[in-house]
Amino acid sequence: QVQLVESGGGLVQPGGSLRLSCAASGSIFSIRAMGWYRQAPGKQRELVAVMTSSGRTNYADSVKGRFTISRDNAKNTVILQMNSLKPEDTAVYYCKLDAVVFGTGGMDSWGKGTLVTVSS
């Protein structure tokens, strides 16, 4: 019913930048929030940044001042601009959608993940 397509991961040197994009499609009635989580090897999945439908944002302390989340409401797309990347940012990044879906109601959907590797 809902599809999330992520793009933009890859290998970057410390101090570099990457831009992740996630596009949602399907039987979406309304979006409550979209955001990004990440999971590093051997660690639990953690919040990176989220933006609500009203535009309120929340960031992990570890990325504040370096990452910026934004949304294109018309395209149901969320963008994560990542600057000043550090090796500890290396992880699989997952897009998460909190939406009301036709025939289902409120639900969370996850993308398949995109790998970000920060290494020299």
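Predicted model: local features only at pLDDT ≥ 70, side-chain atom pairs only at ≥ 80, totals over all residues.

Q: Which parts of the chain do Arg66 and Asp89 tie together?

A: Arg66 sits in the loop between strand 6 (57-59) and strand 7 (67-72), and Asp89 in the loop between strand 8 and strand 9, so the pair ties together parts 23 residues apart in sequence.

Q: Is Arg66 buried or exposed? And is Asp89 buried or exposed?

A: The cut-off for buried is under 20% relative accessible area. Arg66 has 10%, so Arg66 is buried. Asp89 has 1% and therefore counts as buried too.

Q: Which side chain meets Asp89 in a salt bridge at 3.0 Å?

A: That of Arg38, with the 3.0 Å taken from N to O. This pair links distant parts of the chain: Asp89 is in the loop between strand 8 (77-82) and strand 9, while Arg38 is in strand 4 (residues 28-39), 51 residues away. Both Asp89 and Arg38 are buried.

Q: How many salt bridges does the structure hold?

A: The structure holds six. One of them brings together the side chains of Lys96 and Asp108, at 3.6 Å from N to O. Lys96 lies in strand 9 and Asp108 in strand 10 (residues 105-110), so this pair ties together parts 12 residues apart in sequence. Lys96 has a relative accessibility of 18% and so counts as buried, whereas Asp108, at 42%, is partly exposed.

Q: How do I read a disulfide?

A: Look for a pair of cysteine sulfur atoms within 2.5 Å. By this rule there is one disulfide, which joins Cys22 to Cys95 with an S to S distance of 2.1 Å. The pair links distant parts of the chain, Cys22 in strand 3 (residues 18-26) and Cys95 in strand 9 (residues 91-101), 73 residues apart.

Q: Why is the disulfide of Cys22 and Cys95 called left-handed?

A: Because the torsion about the S-S bond is about -80 degrees. As for accessibility, Cys22 is buried at 0% relative accessible area, and Cys95 is buried at 0%.

Key. Residues numbered from 1 in each chain as written. Heavy atoms only, no water. Helix = DSSP H or I, 4+ residues; strand = E, 2+ residues; numbered from the N terminus. Buried < 20%, exposed > 50% of the residue type's maximum accessible area, 1.4 Å probe, protein only. Salt bridge = Lys/Arg side-chain N within 4 Å of Asp/Glu carboxyl O.
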